[in-house]
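Colleague: Please give me a close look at one part of this model, starting from a single residue and working out through its surroundings.

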Amino acid sequence: MEDTAVEEAEVSGAAEFAPALIAAHPHGNSVAVAIGPELRVFDLKAGSPVLLSDDCDGRSHSDAIRAICFSVSGALFASAGDDKLVKVWKTDSCRCIRTITSEKRVSAVAISNDDLYVTFADKFGVVWLVTLGEDGTEQVSVDNKPVSILGHYCSIITSMKFSPDGRFIATADRDFKIRVTSFPKNPLKGAHEIQSFCLGHTDFVSCIAFISMSENQSFLISGGGDSTVRLWDYINGCLLDTCQVRDKMGELLEPNETDDSSLAIADICPSNDGSLVAVAIQSFTGVMLLACDVVEKKLSFLKVITMEKSYIPTSLASSFSSELLWTVMGASNMPNQASSQLLTRLRIVPCFQKDLISSNNSPAILEDSEVPHGEKFLLALQGSLDIVKQEEVLASVLAALKVSMHKMLVKKHYSEERREQRKRGRNDKKIRN
């Protein structure tokens, strides 16, 4: 009965569960949170909420935002999601400088290291590119519309990142694979040179991130629905180490929550020196910390940071210049959820750095009174100061989070009749400027 209801909802175009997201400015200038169609940004330097100026074409996000990111320089910020819009913002003016319309819903977004291009992936696994600036090579696409540069062939791309040196673009999908592609000097002609495939996950890959140890050395880490975190030599597509989350979580979860479908990796976030990896897990009220030894090419369990029982992080973030780990919990597109219930909860972990490896104590979570800029910060990003008192809202979000990740990304199998119904129900829009 439940599966039938899910299928019928998909055919009718009903929205899917959407987790809250968080991103930190690389130089610690600001923090952004996305929940549903809302984008909330707080300026940590000025100590005030940011008023976004979305006047580039009058179109604001109208559906769940699925991906957000800052550029490496911190000059740009991008947001994208189910409304098929990709929006690029200047962080110094808080102004939207470009709105791009995708043919299909967008699942991932990234900005090239030189701030010249924005790439986004649609639900059919195609990666598109748009030029943001001129690089002196007279490289201009017709009307500057999106150009497809690579594809995962009808598999949803779940995460997309540029390598620290900008030479590669890594894309992960729900069909268990990670593709590493050379990012060409002239990307408008397509990115056809595959550097490697990182194969080993036995369920969807939910998140990827790069660990940079030096200017010439970096590694890739990934997390997935098979409840593993993996370390890769992405240049050669070699699996270096695997950490089985399930083996470490058995004592911390209820017996019915220890199967792989309840232990999907929701997000991963390396520390700024690459020595630590924070892991958010679908059913766990806290964060797991792994030590990353790139000399020995090993991932090892370090400790868990437990939080209150009503808190399961949906997204993690850190910045180059800060030793804070930012976490957020929240969700939209839940049944009977009103727009006034688009609340998030933030928890911040201090001292997210190498010293934790030698410490026997877990870092204390910052109390609300200890977070940067206190109530002003929490009100701007959470939507309420009394989020803890919103027991009914928190309970529904918590229940959804415990089952959502696996159901959202696991590949569904449909009968021929159901596939035809889904085809008839599609309403893809044409790309427009």
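Modeller: Leaving out residues up to four places away in sequence, Thr181 touches Leu150, Arg167, Phe168, Ile169, Ala191, Glu193, Ile194 and Gln195, where contact means heavy atoms within 4.5 Å. Bear in mind that this is a predicted model, with local features needing pLDDT of at least 70 and side-chain atom pairs counting only at pLDDT 80 or more, while totals for chains, interfaces and linings use all residues. Numbering runs from 1 along each chain as its sequence is written, and side-chain values use heavy atoms, with hydrogens and water left out.

Thr181 sits in strand β16 (residues 177–182); helices (H or I, at least four residues) and strands (E, at least two) are DSSP runs numbered from the N terminus. Thr181 counts as buried because its relative accessibility is 0%, buried being under 20% relative accessible area, exposed over 50% and partly exposed in between (1.4 Å probe, protein chains only). The side chains of Thr181 and Arg179 make a polar contact of 2.7 Å. That term means a pair of N or O atoms within 3.5 Å; within protein, one must be able to donate a hydrogen and the other to accept it, and residues adjacent in sequence count only if both atoms are side-chain atoms.

Rings of Phe, Tyr and Trp (its six-membered ring) pair if their centres lie within 6.5 Å; planes under 30 degrees apart are stacked, over 60 edge-to-face, and the rest tilted. That rule gives seven aromatic pairs. Among them, Phe168 and Tyr234 are edge-to-face, 6.0 Å centre to centre with 75° between the planes. This pair links distant parts of the chain, 66 residues apart: Phe168 is in strand β15 (residues 168–173), and Tyr234 is in the loop between β20 (228–233) and β21 (238–244). Phe168 counts as buried because its relative accessibility is 2%, and Tyr234 is buried too, with a relative accessible area of 2%.

Tyr234 also pairs with Phe210: the ring centres are 5.0 Å apart and the planes at 80°, so this one is edge-to-face. Phe210 lies in strand β18 (residues 205–214) and Tyr234 in that loop between β20 and β21, so the pair ties together parts 24 residues apart in sequence. Phe210 and Tyr234 are both buried.
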